[in-house]
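Here are my notes on this model, as numbered points. Please read them alongside the coordinates.

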Amino acid sequence: MVVNMITREQILDALRDVIDPEIGINIADLGLVYSAEEKDGEFSVSMTMTTAACPMGNMLRAQARDAIKKRFPEARSVNVELVWTPPWNPDMMSESAKRKLGRLK
């Protein structure tokens with residue numbers, strides 16, 4: 001029996017549906033997702049916010065969980081954890097996000 005392994009990139013693609021409402025860019029391109037993996041139908045994501053004081057943490061965490069469940073309905077479980085180490089910084093953004101925010105020409 002061949003089992004299709006879900007890659008980190010596939011999970012990040014699902015998380016691109018989650019938009020940070022204050023910045024208007026998805027959490028994957030902002031560099032907020034530190035790890036994303038699937039094993040035996042169990043998804044595990046660790047992510048952060050642009051600042052520990054961000055009031056959107058729980059909302060974005062729930063949206064991330066929902067985005068994964070929507071993209072991968074066969075998921076047995078989805079755990080999204082907020083972490084603060086290492087602290088997020090603008091260098092973690094994708095080139096596309098940096099361009100949108102005027103950090104790259």
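1. Terms first. Contact, or covering, means heavy atoms within 4.5 Å. Helices (H or I, at least four residues) and strands (E, at least two) are DSSP runs, numbered from the N terminus. Buried means under 20% relative accessible area, exposed over 50%, and partly exposed in between, with a 1.4 Å probe and protein chains only.

2. Provenance. This is a predicted model, where local features need pLDDT of at least 70, side-chain atom pairs count only at pLDDT 80 or more, and totals for chains, interfaces and linings use all residues. Residues are numbered from 1 along each chain as its sequence is written, and side-chain values use heavy atoms, with hydrogens and water left out.

3. Helix H1 spans residues 8–15, and its buried residues are Ile-11, Leu-12, Ala-14 and Leu-15. They sit on the same side of H1, because their arc around the axis is only 155°. That arc is taken from the directions from the helix axis to the C-beta atoms. The cover over these residues includes strand E1 (33–39), strand E2 (42–47) and helix H2 (57–71).

4. Ala-67 belongs to helix H2. It is buried, at 10% relative accessibility. Beyond residues up to four places away in sequence, Ala-67 touches Ala-14 and Val-18. Ile-11 is 56 residues away along the chain, yet the two C-alpha atoms, of Ala-67 and Ile-11, are separated by 9.2 Å.

5. Is Val-83 buried or exposed? Val-83 is buried, since its relative accessible area is 17%. It lies in the loop between strand E3 (77–82) and helix H3 (95–100). Neighbours within four places aside, Val-83 contacts Tyr-34, Ser-46, Met-47 and Thr-48. Ser-46 is 37 residues from Val-83 in sequence, but 6.4 Å away C-alpha to C-alpha.
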